[in-house]
Amino acid sequence: MADHQTLGEVLSSRGISRRVFLKYASYTASLMALPPAASTAIAQGLAKARRQSVIWLSFQECTGCTESITRAHSPSLEDLIFDFISLDYHHTLQSVSGHAAEQARKAAMEENAGNYIVVVDGSVPVKDNGIYSTIAGMTNLQMLEETTSNALAVISVGSCAAFGGIPYANPNPTGAVPISEIVTDKPVINIPGCPPIPEAMTGTISYFLSFGAVPELDHLGRPTAFFGETIHDRCYRRPFYERGMFAKSFDDQGARKGWCLYEVGCKGPVTYNACATLKWNAGVSFPIQSGHGCLGCSEPEFWDRGGFYKPISTGIGDATRLIGGAAVAGAAVGATSAAMMRHRKKKAMQEG
Amino acid sequence: MKRDAQAPCMTGQTGMAHAVMNEIAAHLEKLAGRGEAASIDLRSLPMTDMDREQLEMVLGQGEVSAVIELAGLTEVRETAFSGVWWVRHMGQDEQVAYEEIAITRIPEILKTQLDDIDMASRRIQQVIESSGRNEFEKEASNG
């Protein structure tokens with residue numbers, strides 16, 4: 001594929017009309033809660049764009065983020081993202097290895113100086129000069145600094161890259177830090193989650209390609225299109241919460257009837273993500289629909305918040321401060337928590 | 001076509017179909033009065049299967065329906081209310097990726113894009129030039 005051609009020209013040469021951009025754009029606009037009119041602008045932007053060089057760096061991570069993006073919702077549609085980008089370096093997906101792989105990274109940096117995007121999954125260990133994770137003889141810290149030095153923007157995918165994640169959890173033996181603590185001189189977009197929702201990753205990249213700009217971000221650097229509301233805001237079990245109908249254990253009548261999982265530890269009220277609307281595994285379900293509370297994986301320090309099965313109101317670090325002393329007492333809880341969440345949201349928007 | 005698996009309490013009618021009908025009515029009034037098109041993203045609404053079935057039943061089937069085969073099927077059909085279109089984009093395995101009600105004279109996805117027309121215009125000239133007059137005469141006599 002010739003990289004000097006626009007994406008429209010590339011697809012035309014394969015006999016594919018520009019309707020494909022409109023179809024993909026409608027889908028992306030819906031994902032990002034943009035007005036329907038935006039789909040035309042996205043389609044035009046994509047058709048005129050050139051393939052975007054992307055260098056994907058994997059540091060202290062489990063490859064779950066890559067697993068997620070390669071299992072996007074609707075393959076024939078979502079796979080288009082791989083026509084729109086030139087994935088020039090990716091440990092798991094590239095066919096070359098060793099010196100040839102590192103050469104590919106350096107060549108992409110040189111040929112696209114100032115215009116390539118760096119996607120990072122995993123946190124970076126900085127303790128003891130970063131010796132706890134190395135690639136091709138370089139520490140993660142060295143590789144990140146070298147690769148981002150001439151990048152256009154950085155996208156931190158997954159909670160490890162965005163907030164430190166599990167490597168950052170107490171006692172953080174490797175001195176892991178999130179990417180935003182190291183890269184401070186260019187835009188860093190955080191797409192947290194363990195793993196992130198694939199559409200949140202592809203949607204953000206598509207937005208960037210279409211408009212040549214970073215989408216609106218919240219105070220934690222997350223695109224508001226995907227992280228603007230809590231799981232609780234859009235949860236189909238919320239009516240039970242408002243009525244004070246809670247499962248008390250995972251095998252009681254309340255659980256069987258699909259009541260709210262707040263009392264068995266659901267972190268939905270303090271977790272900003274789109275699981276309740278986009279869902280997982282080809283839109284089949286999400287944790288709460290499967291009967292398990294939200295773990296809060298897209299929030300900072302989710303691993304150290306005191307216990308996945310303790311209600312927020314019993315005290316779980318930061319979440320206690322967010323929700324305050326809201327007692328688990330039916331409708332009154334709903335009103336109190338909802339008001340506090342609105343306050344938090346307003347505050348976050350002011351800070352953002 | 002596959003739908004999301006639904007938990008037991010995600011079934012039943014919630015009144016959402018009625019709410020969407022009211023929204024469609026408001027948009028249709030604007031389309032009739034000012035020519036202002038709009039669309040409603042069904043995917044973003046917490047509708048149950050029964051809500052969708054109810055909405056489909058009330059909107060009914062109009063005169064036009066089309067299928068586009070492009071990165072998965074796309075079905076476009078006008079409902080029994082002129083100017084109200086049901087557009088359903090699917091990916092592989094007939095999984096619904098995006099679904100909208102478009103209130104417009106004709107959905108954008110059905111229109112041929114200008115760049116494609118430009119490309120076709122150049123391509124047809126090339127076909128004519130490379131085929132030559134004799135080829136067309138032969139075709140005509142065979143036909």
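Residues are numbered from 1 along each chain as its sequence is written, while chains are lettered from A and ligands numbered from 1 in the order in which they are written.

**Exercise 1. State the confidence of the prediction for the complex and for chain B.**

Step 1. The predictor assigns the complex an ipTM of 0.78 and a pTM of 0.79.
Step 2. Chain B has a mean pLDDT of 85, with 83% of its residues at 70 or more.

**Exercise 2. Describe the secondary structure and burial of chain A and of chain B.**

Step 1. Helices (H or I, at least four residues) and strands (E, at least two) are DSSP runs, numbered from the N terminus. Chain A comes to 17 helices and nine strands.
Step 2. Chain B has three helices and five strands, in the sequence pattern α-β-α-β-β-β-β-α.
Step 3. A residue is buried if 20 or more other C-beta atoms, placed from the backbone, lie within 10 Å of its own, exposed if 12 or fewer, and partly exposed in between. In chain A, 49% of the 352 residues are buried; in chain B, buried residues make up 25% of the 143.
Step 4. Of the contacts in chain A between residues at least 6 apart in sequence, 69% join residues at least 24 apart. For chain B, residues 24 or more positions apart account for 50% of the contacts with a separation of 6 or more.

**Exercise 3. Characterise the packing of H2(A) against H3(A).**

Step 1. Axes are lines fitted to C-alpha atoms, for helices over the stretch in contact, and angles run from 0 to 180 degrees between N-to-C directions. Helix H2 (residues 19-31) and helix H3 (residues 38-48) of chain A pack at about 130°, their axes being 8 Å apart.
Step 2. H2(A) is therefore oblique to H3(A), since angles under 35 degrees count as roughly parallel, over 145 as roughly antiparallel, 65 to 115 as roughly perpendicular and the rest as oblique.
Step 3. The contact includes A:Phe21, A:Leu22 and A:Ala25 of H2(A) and A:Ile42, A:Ala43 and A:Leu46 of H3(A).

**Exercise 4. Determine how H3(A) is oriented relative to H11(A).**

Step 1. The axes of H3(A) and helix H11 (residues 198-211) of chain A come within 7 Å and cross at roughly 75°.
Step 2. H3(A) is therefore roughly perpendicular to H11(A).
Step 3. A:Ile42, A:Gly45 and A:Leu46 in H3(A) meet A:Leu209, A:Ser210 and A:Phe211 in H11(A).

Terms used:
Predicted model: local features only at pLDDT ≥ 70, side-chain atom pairs only at ≥ 80, totals over all residues. Contact = placed C-beta atoms within 7 Å. pLDDT = per-residue confidence, 0-100.
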